[in-house]
Amino acid sequence: MTTQHGTLDNGWTGFQGVNSDVTAANTATTDLINILDAVEVPVVVLRRDFTIAYFNKAGADMLGLSPSDIGRTPRDIPVLAALPRLEQQCSQVITSKVESKVDFRDANKWFVVRISPCMQSDRQVTGSVLTFTNVTAFRSSIDQAIYERECTKAILNTVADPLVVLSADQRIQSGNRAFYTMFGVSRDETQGVPLCELGNGAFELALLRTQLEEMLAGSRAFQPVEVDHVFTVKGPSTFILDAHPLSFPGHSERRVLVTFQDITARKQAEAAKDLRSEEELRRSEAFLAEGQRLSLTGTFSWKVATEEITWSEQLYRIFEFDRSVPVTLGLIGTRVHPDDMPMLNDMIDRARAVSDFEYEHRLLMPDHFIKFVHLTAHGVRDSQGRLEYIGAVQDVTQRRLSEEALGKARSELANLARITSLGVLTASIAHEVNQPLSGIITNASTCLRMLSADPPNIEGARETARRTIRDGNRASDVITRLRTLYSKKDLSLEAMDLNEATREVTSLSLNELQSKRVILRHELADDLPPVIGDRVQLQQVILNLLRNAADAMNGVEDRPRELLIKTECDQGDGVRLSVKDAGVGFTPQAADKLFEAFFTTKSDGMGIGLSISRSIIEAHRGRLWATANDGPGATFAFSIPCWRESLADAETRLNWTDPLTGAA
Amino acid sequence: MKSHPERSTTECPLVSVVDDDESVRESLPDLLREFGFAVRTFPSAEEFLASDCVGPTRCLILDLAMPGMTGPELQQELIRRRQAIPIIFITANRDKTVRPRLLEQGAVECLFKPFRDTDLLDALNIALRTN
């Protein structure tokens, strides 16, 4: 067989058969060429020696070919040269007569090059035909799809909870990494396996299967299912299974996404927390009970509308009722001290209206023991607006008794002190008075004898009578100038701050004043200059004034028992301290006698306090006086010279006179 | 009321009064003279001892508490000097333990001020009898 080469306008050189009619063959070839040119698919034909035999219009456009490229090899064409194994693959095609494909990329275009054997009618391969298909769009969408798929896979694999996709017949299609890891299985092991066979029957739950069926059928939404199981690899676990149908447009096949939420740890923690909080609750209850016991406080709740009363254990103990006894207001009443019953009834009546109450009352126990209780309650309204009281009752008997005992002891001590000092004073007075008294009696006795003499000694009698009168006056003087409680040699003079001395006295007296319900106020001047004096004696005076003021307010009920103690500079280089009370005050007639020895308006006092106080103040070169207030009560004040004035005397002793004898 | 008749000074026994209290020194002598005694007064034990009355004193009316030498101290001093003068103590201090002690130590009497004139007279009579 011989071959003939023909040349066509566009460079086609085809192999023609021996018996072909050239004209017919030419016509056929031209038609073919026209068709090929119309086709948008680039076509290039290579001969067995890889030289370019033909290319169509599209091929020329794509590869930038011109007729002069006929006879060149792909290596001469830039685009084709980029296909590294093109010639190799072409020869392979020629040899095997099987077409193959190769991908290549030109700039950002993707192509698939199909290499087909160019066969003659006698099945001789004369070359290879290359057709280029632009798969850019396809490819990029593939890429995109691949990308997204990979992204999704990455996300799914990152998710800690296992996910698995089931087919409509509940077989495993695919799972994420967590799924395979958690159950210790591989993709191959589980592919196509029914879910219920997984985890050695863990998911063989009728409930699960039914639910999945119903969901897939679209009849019901899936309710999460809790599964407890001991897995071979994982151990005892608890999962919540949830399922979602997956369907995509264009796909009739339904799939299910099943999520597994591992709540093993959470359940353990909850159990532990429950245990802990149970334990904590028990502990706090125990603390509360113990606290109530130690503090002798019981708690109660009282639902006013239903009269339902609940007591804590301690409250039963306080009232000495058995715990099994139901508590009613009537029962409580049997323990309340009869004298306090009216108060209780009044409280109950008012309680239905107010929101808080607090008061103290007594209980009378069956053995006649009296208890003092302090009760506080706070009203709350429940969701229906009904009033309920929550309260506490404290047994304050001990405190009350010890307060009373303390109060008694204190007053006894005070009495004793008064009596003792009184005893001392009385003895010293007695001693001092006895001297002139003795003189009186002696003189009077003498007088009588003289008058009875025969003849009567009138002159002598007159003389003795005179002496008697004189001694009588002396005795009176002695009583007037009372000796102070402290002997002369105990005096200690110092420069002192009267404010500080006052504060000491008031802080010591606070308890006493509070128990008398006296409200003590201070107005102590900031710039008070120091004074020279005997600290203890001046404090005695302040104490005396304080006590008198408190005593004066003893019966006052209609106004606050206010006591104001005030220090200030006195005009003329002095320091003044005043004590103002809101008590009974004094009448003008009493005003003159206030400072007299033994004068008292008190039923139980000797009234020597003020006279001694005046002596002390006068010994300090000061003065003590009293004025009636504008309102109720009186103000007692003393004024003593301050340091400045007595600076001149600082070197020498203050001119001290013994208040009793008048001796310096 | 008994009163002694007037005696001449040579016949009147001497009573010395030692007391720092002026009213005592003022009032006692007249009473004692009404009793018929001669009287000398001294404001202190020291002055009595320094005087010339120690010998002639038939009875000593002595205050207990005095500044300087006290009554009991004077008593001791007289004993030391072998001048056994009967002593009547007078005191304002009503301490119950005082009197028995003083009597034990040789005093004739211990009177508490103010004392009745009759009590003083009785004591004086006893004192003079024992002389």
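Read along the sequence, chain B follows the pattern β-α-β-α-β-α-β-α-β-α, with five helices and five strands in the chain. Helices (H or I, at least four residues) and strands (E, at least two) are DSSP runs, numbered from the N terminus. The model is predicted: local features need pLDDT of at least 70, side-chain atom pairs count only at pLDDT 80 or more, and totals for chains, interfaces and linings use all residues. Residues are numbered from 1 along each chain as its sequence is written, while chains are lettered from A and ligands numbered from 1 in the order in which they are written.

Buried residues make up 39% of the 131 residues in chain B. A residue is counted as buried if 20 or more other C-beta atoms lie within 10 Å of its own, as exposed if 12 or fewer do, and as partly exposed in between, with C-beta atoms placed from the backbone. Of the contacts in chain B between residues at least 6 apart in sequence, 58% join residues at least 24 apart; two residues are in contact if their C-beta atoms, placed from the backbone, lie within 7 Å.

The secondary structure of chain A comes to 19 helices and 24 strands. Of its 664 residues, 24% count as buried. For contacts in chain A with a separation of 6 or more, residues 24 or more positions apart account for 50%.

Chain A contains an open sheet of five strands in the order β19-β21-β22-β24-β23, with mixed pairing. Its edge strands are β19 (519–524) and β23 (623–628) of chain A, each of which pairs on one side only. Neighbouring strands of this sheet are turned by 15 degrees against each other on average, direction ignored; axes are lines fitted to C-alpha atoms, for helices over the stretch in contact, and angles run from 0 to 180 degrees between N-to-C directions. Two strands are taken to pair if DSSP finds at least two bridges between them.

Within this sheet, strand β21 (residues 562–570) of chain A pairs with β22(A) in the antiparallel sense over seven bridges. A:Leu564 has A:Lys580 in β22(A) as its bridge partner. The two strands β21(A) and β22(A) form a hairpin with three residues between them, and A:Gly572 in the turn has a positive phi of about 90 degrees. Strand β22 (residues 574–580) of chain A has five of its seven residues buried, so it is largely enclosed by the rest of the structure. β22(A) also pairs with β24(A), in the antiparallel sense over seven bridges, and A:Val579 has A:Phe636 in β24(A) as its bridge partner. Strand β24 (residues 634–641) of chain A pairs with β23(A) in the antiparallel sense over six bridges, where A:Leu624 stands opposite A:Phe638 in β24(A).

The contact between the chains takes 21 residues from chain A and 16 residues from chain B. On the side of chain A that touches chain B, the elements giving two or more residues are α13 (397–452) and α14 (458–480) of chain A. The largest share of that side, 16 residues, comes from α13(A).

Among the elements of chain A, β22(A) has the highest mean pLDDT (95), and strand β1 (residues 4–5) of chain A the lowest (36). Over residues 603–608 of chain A, pLDDT stays under 50, and the model has eleven contacts beyond four places in sequence for them.

Notes
pLDDT is the predictor's confidence in each residue, from 0 to 100.
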